[in-house]
Every structure is written in structure tokens, then in C-alpha cells.
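Biologist: I want to see each label checked against its cut-off. Show me the model first.

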Amino acid sequence: EIYTLSLHDALPIYKRNEFATNCVNQANRLRSSGDIRGAENQVEQGLALYPDDPPMLELRDALVAQVRERRDAALNELRRIGQEAQAIEDLSLLREMDVRAKALAVQYCDDASHVKPLADEVTQKIHSRISQVRTAKWRARLLGHWRSVLAVAAGLLLAWGGYLGIRTFLRRPSLIPLEILSSPADATVQVDNHVCAAPPCRLQ
């Protein structure tokens, strides 16, 4: 038995199929361009009219799986950034991580998942790490400055000590007065090139 449809019955089916095809095609174009959220919205609009359309249901399931996969990847990336940031001392690299975490927060700002809260938490950790690195670098520079000052001071002290030592070494010895007595009293006494003929004598 062959069933035929009248034009009146076939027209709604044709319109439905045409609408569903256009909806799926538009959603796939959005999906190919990377706009997964837009593709989801397009499919949901189509399913609002034809909730049992197989092609749109199949595409919706594929989009949901893709969104879940991207969300999981974003969460894993944020966890990795948060862990690696704690051991990094390069400020430029920390700033790049901060920019990436903020971009993920913006991307999932309207999402009900845990991406945005985690992104905000990671951003705070990165900012804290940046402050720690800046403080450590400032202390290192200050310590290096004081070491230089102490080295210069030590050099000056050594130079001054050397100068005093050389000056003392080169200074002529002081002469000490020497009084000479003799026994018997009229004996002649000779010290170096000095002769004392009638002691007591004073030599210098």
C-alpha cells in the first residue's frame, strides 16, 4: 500500500526540514570559526521549534561534548599555571601567565563552571608571586649595594693602614739622651764616634 501526501501535508514537513538544515549549517559554520557558544545558541533556537529533530539533537550532543572538553582543558591549564607560577622568578613570564589567566576568566565569565573562579584564584596567586619576586630582587640589589660599600670601606682602611705602616718604617728613629758615668771618674769613654774625656757626659 502506497501512501501519498497532499501538498497541504507535505509543506510543513518541507519547511521543517529546510529550517533544520539551515540551522545545522549555520551552527556548523559558527563551530568551524571557533564560536562554540554561538553554535550552541543556534541549535537551541532550532530545538525550541523542533525539539525532536535528529540532526539538531546530534549536533547539540557533539557541541556539549566539545564545550566540556574545552572547559576541562581550561581548568587543567589554570591549575598548571598556578603551580608553575610559584617557582618562577622571571617577572615577564609571570605577567604573561597573568594575561592568560585573565583571558580565560573573561572567556568563561558567563559560564556556570568552575573556570572563572579558578582563574580569579590563579590571578591572585600570580600577583602575590610577582610581589614576592620584586621584594626579593630589591633586597638582593640592596645587599649588593651594601657589600660594595663595605668592600670600598675595607679597601680604604687597608690603604690607610699601609700608609701609616710605611710612614712609621721610613721615619728616622728618635734619639734618646744618654748620660755616661765612669769609674774611675777621670776615665775616657768612647761611644761610637763620640768621646767622653771627663765623665759624666751626655750623648744624644
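**Labels and their cut-offs**

Modeller: Arg16 and Asp52 form a salt bridge, with 2.8 Å between the closest N and O atoms. This is a predicted model: local features need pLDDT of at least 70, side-chain atom pairs count only at pLDDT 80 or more, and totals for chains, interfaces and linings use all residues. Residues are numbered from 1 along each chain as its sequence is written, and side-chain values use heavy atoms, with hydrogens and water left out.

Biologist: Why is the pair Arg16 and Asp52 called a salt bridge?

Modeller: The term needs a side-chain nitrogen of Lys or Arg within 4 Å of a carboxyl oxygen of Asp or Glu. Arg16 and Asp52 have N and O atoms 2.8 Å apart, so the pair qualifies. By this rule the count comes to 6 salt bridges.

Biologist: What does the pair Arg16 and Asp52 tie together?

Modeller: Arg16 is in helix H1 (residues 7–32) and Asp52 is in the loop between H2 and H3, so the bridge links parts 36 residues apart in sequence. Helices are DSSP runs (H or I, at least four residues), numbered from the N terminus.

Biologist: What makes H2 roughly antiparallel to H3?

Modeller: The axes of H2 (residues 36–49) and H3 (residues 54–85) come within 10 Å and cross at roughly 150 degrees. Axes are lines fitted to C-alpha atoms over the stretch in contact, and angles run from 0 to 180 degrees between N-to-C directions. Angles over 145 count as roughly antiparallel. Therefore H2 is roughly antiparallel to H3.

Biologist: Which residues make the contact between H2 and H3?

Modeller: Contact means heavy atoms within 4.5 Å. Among them are Ile36, Ala39 and Val43 of H2, and Met56, Leu59 and Leu63 of H3.

Biologist: How do you know that H3 is roughly antiparallel to H4?

Modeller: The axes of H3 and H4 (residues 91–107) cross at roughly 155 degrees and come within 11 Å. That angle makes H3 roughly antiparallel to H4. Residues that meet include Leu78 and Ile81 in H3, and Leu94 and Met97 in H4.

Notes: Helix = DSSP H or I, 4+ residues; strand = E, 2+ residues; numbered from the N terminus. Parallel < 35°, antiparallel > 145°, perpendicular 65-115°, else oblique.
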